[in-house]
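This report covers ligand contacts, a metal site and some backbone features. Please keep the sequence and the model open while reading.

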Amino acid sequence: MTSPDSLKLHRPLDMHLHLRDGAMLQLVAPLSAASLAAAVIMPNLVPPITSLEQLLAYRQRILEAVGPLAASFQPLMTLFFQPYSHALLAAAQPHLFALKLYPHGVTTNSDSGIHHIQAAEPTLALMQDLGIPLLVHGETTGFVLDREAQFLATYQHLATRFPRLRIVMEHITTAAALSLLDRFENLFATVTAHHLVITLDDVLGGLLQPHLFCKPIAKRPQDRDALLAAALAAHPKLMLGSDSAPHPQHAKEGCGCAAGVFSAPLLLPRLAQLFDHHGALPHLQAFVSDHAIRIHRLNPPDKTITLLRQPWTVPASYQDASGLRVIPWEAGQQLSWQIAPPT
Ligand code: DOR
Ligand code: ZN
């Protein structure tokens with residue numbers, strides 16, 4: 001079967017995106033807004049987004065940062081999980097996509113994350129009643145390769161205890177997490193592009209690669225292969241969530257490397273290359289949009305992105321006039337697909 005030289009993606013979505021704030025927001029937000037119809041915006045700012053006022057002000061800053069692209073890009077806002085009242089959730093709901101739960105201390109800016117899942121339960125019950133989804137960074141603080149596996153029991157507990165709560169296992173990295181999707185109707189998952197491509201060997205099997213260091217850390221080849229097979233087969237409960245997480249170059253390349261892969265600039269071309277390589281291009285639309293629209297009943301702006309099978313070199317870095325510089329995933333490498341220039 002020959003594959004086409006161009007591909008149209010209708011309403012592509014990123015169901016897990018870090019846009020940051022300030023100068024970083026200005027630098028990175030247009031890169032996502034140019035190629036996506038909507039994105040789920042993570043709330044782990046300093047301080048985290050925990051009130052409706054903060055959420056609305058952050059949304060406004062995002063829209064200003066994307067400028068004219070705001071007409072065709074919808075930021076789907078999230079609150080950082082903490083115990084909330086019914087009154088606050090009900091007031092926020094029209095402006096809110098979901099709550100993002102971080103266990104205490106598992107990743108960047110999760111210091112105010114929860115210590116015990118029991119303390120979360122009253123709020124989870126309210127969310128279930130209101131129909132607000134729960135997004136979870138599902139890791140413990142145990143041994144780094146086992147953190148996701150150790151959290152799976154918590155997912156099972158939550159899925160059983162709150163059968164009408166829509167629970168999204170964010171950025172899954174293991175075959176074991178994938179297998180939970182078949183066992184609980186109310187469990188869904190996002191997966192990043194980089195976890196479909198890399199394993200732990202790519203991070204530290206040779207020279208240490210700080211730009212591939214993220215949380216959860218990439219796992220074994222059999223985990224990567226299981227995730228990839230599910231994405232290529234358009235598993236109906238698996239959605240793209242890039243977890244594009246920019247940090248300044250000095251925070252990635254110095255001693256004490258911050259966790260996060262900055263994949264936003266190459267997200268769709270890299271996925272087109274991957275799906276094309278495996279003869280699965282017809283399933284890319286479902287993975288990057290249709291599943292999320294169905295699962296969450298979304299209505300993103302009507303936007304179509306055309307990808308071309310033409311070589312494109314990922315820029316070595318993105319920077320602003322003040323000297324802020326971010327290094328993207330696969331910086332300087334040539335991809336076989338690119339986004340068609342605007343006509
Ligand atoms: O690698 C990561 N970076 N994982 C996360 O969970 C957070 C993110 C960030 O905010 O930098
Ligand atoms: Zn994230």
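Which side chain has an N or O atom 2.9 Å from an oxygen atom of ligand 1? That side chain belongs to His247.

## Model and conventions

This is a predicted model: local features need pLDDT of at least 70, side-chain atom pairs count only at pLDDT 80 or more, and totals for chains, interfaces and linings use all residues. Residues are numbered from 1 along each chain as its sequence is written, chains are lettered from A and ligands numbered from 1 in the order in which they are written, and side-chain values use heavy atoms, with hydrogens and water left out.

## Ligand 1: contacts

Thr107 also makes a polar contact (a pair of N or O atoms within 3.5 Å; within protein, one must be able to donate a hydrogen and the other to accept it, and residues adjacent in sequence count only if both atoms are side-chain atoms). A polar atom of the Thr107 side chain is 3.1 Å from a ligand 1 oxygen. Gly260 uses its backbone: a polar atom there lies 3.3 Å from an oxygen atom of ligand 1. On its own, ligand 1 has 290 Å² of accessible area (Shrake-Rupley method, 1.4 Å probe). The protein covers 100% of that area.

## Zinc site

Ligand 2 is a zinc ion. Its protein donors (N, O and S atoms within 2.8 Å of the metal, or 3.2 Å for Na, K and Ca) are His16 (NE2), His18 (NE2) and Asp243 (OD). Water is not among the atoms, so the site may look incomplete.

Along the chain, the donors follow the spacing H-x1-H-x224-D. His16 sits in strand β2 (residues 13-17), and Asp243 in the loop between β9 (238-240) and α9 (249-253). The two are 227 residues apart. Helices (H or I, at least four residues) and strands (E, at least two) are DSSP runs, numbered from the N terminus.

## Backbone features

Val46 to Pro47 is a cis peptide bond, with omega near -5°. Pro47 is in the loop between β3 (38-41) and α2 (52-66). Lys215 and Pro216 are also joined by a cis peptide bond, with omega about 0°. Pro216 belongs to the loop between α7 (200-204) and α8 (221-232).

His171 is a residue other than glycine with a positive phi, near 35°. This residue lies in the loop between β7 (167-169) and α6 (175-180).
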